[in-house]
Amino acid sequence: MEQLLKVMNFCVSSDGVAAGEHQTLERPFGLDGAERLFSWAGATASWPMRADPGGSRGLDDYFTRDFARNIGAEIMGRNKFGPQRGPWPDLEWQGWWEEEPPFHTPVFVMTHHGRPSLTLSDTTFHFVDGDAATVLAQAREAAQGKDVRLGGGVSTIRQFLEADLVDTLHVAVSPVKFGTGLRLWESPEELLDRFHLEVVPSRSGVTHHLFWRR
């Protein structure tokens, strides 16, 4: 079976915004109130960082629980790894996740500025310079037959969409608006020339958009 490239649990506002343009260490998403985009996932019983028992079940929990299933590698843009730009000022920064990243697979960080691979717990970050197809080939080899997750951010997902490399997308649209920021789309209908779409509302107020290749 073909290894799929999957966008999973990617969160946007009702006006398509997933991040702001001014990311900092204190504001990883570059938005005020960014937590409103992904609070639905943190409320579920299967949220991996949950510190207390309980949490919601149902549709939202299904997507949270399914996040790691059959994933053998991840691809992300440099801005998802950290807020730095240009040449690495030092190698002390090890990502937003401290000593226990949530990926548990090889992760390929797309950047024009190389640095040695970094291993934290059972996750190894590889810093690679290449076009989308080249990086995907590396990730598929590392995934050893499993699927590859495309983690974001916005510009990275758009780059892979423009290269027609994405097989499935799950986009969670929250009922909030930011007005400005980095948009995944102006409308989900932009993708209908290449993808089927099913839209499923959740009791949390989030609307799940499920795309799969035609």
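Me: Is Asn9 buried or exposed in this predicted model?
Reply: Asn9 sits in strand β1, which covers residues 5–13. Its relative accessible area is 17%, and the cut-off for buried is under 20%. Asn9 is therefore buried.

Me: What is the phi of Asn9?
Reply: Most residues other than glycine have a negative phi. Asn9 has a positive value although the residue is not glycine. The phi of Asn9 is near 55°.

Me: Where is Gln144, another residue with a phi near 55°?
Reply: The phi of Gln144 is positive, in a residue other than glycine. At 73% relative accessibility, Gln144 counts as exposed, since the cut-off for exposed is over 50%. Gln144 is found in the loop between α4 (132–143) and β7.

Me: Is Glu100 buried or exposed?
Reply: Glu100 lies in the loop between α3 (78–81) and β4 (106–110). Its relative accessibility is 55%, and exposed means over 50%. Glu100 therefore counts as exposed.

Me: Which residues gather with Glu100 in a patch of negative charge?
Reply: The patch is on the surface. Asp and Glu count as negative, and Glu100 is one of the members. The residues that gather with Glu100 are Glu98, Glu99 and Asp122.

Me: What is the relative accessible area of Val199?
Reply: Val199 is found in strand β10, residues 195–201. The residue is partly exposed, a class that lies between the 20% and 50% cut-offs. The relative accessible area of Val199 is 42%.

Me: What distance separates the C-alpha atoms of Val199 and Phe211?
Reply: Val199 belongs to strand β10. Phe211 and Val199 are 12 residues apart along the chain. Their C-alpha atoms are separated by 8.9 Å.

Me: What is the radius of gyration of the chain?
Reply: The secondary structure comes to 5 helices and 11 strands. For 214 residues the globule rule gives 17 Å, and the chain comes close to this, so it is as compact as a globular protein of that length. The C-alpha trace spans about 45 × 40 × 35 Å along its principal axes. The radius of gyration is 17 Å.

Definitions and conventions: Residues are numbered from 1 along each chain as its sequence is written. This is a predicted model: local features need pLDDT of at least 70, side-chain atom pairs count only at pLDDT 80 or more; totals for chains, interfaces and linings use all residues. Side-chain values use heavy atoms; hydrogens and water are left out. Patches are made of residues with over 30% relative accessible area and no salt bridge: like charges are joined within 9 Å, nonpolar side chains (Val, Leu, Ile, Met, Phe, Trp, Tyr) within 5 Å. Accessible areas come from the Shrake-Rupley method with a 1.4 Å probe; for residues, only the protein chains shown count as cover. A salt bridge is a side-chain nitrogen of Lys or Arg within 4 Å of a carboxyl oxygen of Asp or Glu. The place of a charge is taken as NZ of Lys, CZ of Arg, CG of Asp or CD of Glu. Helices (H or I, at least four residues) and strands (E, at least two) are DSSP runs, numbered from the N terminus. Buried means under 20% relative accessible area, exposed over 50%, partly exposed in between (1.4 Å probe, protein chains only). The radius of gyration is taken over C-alpha atoms; the globule rule is 2.2 Å times the number of residues to the power 0.38.
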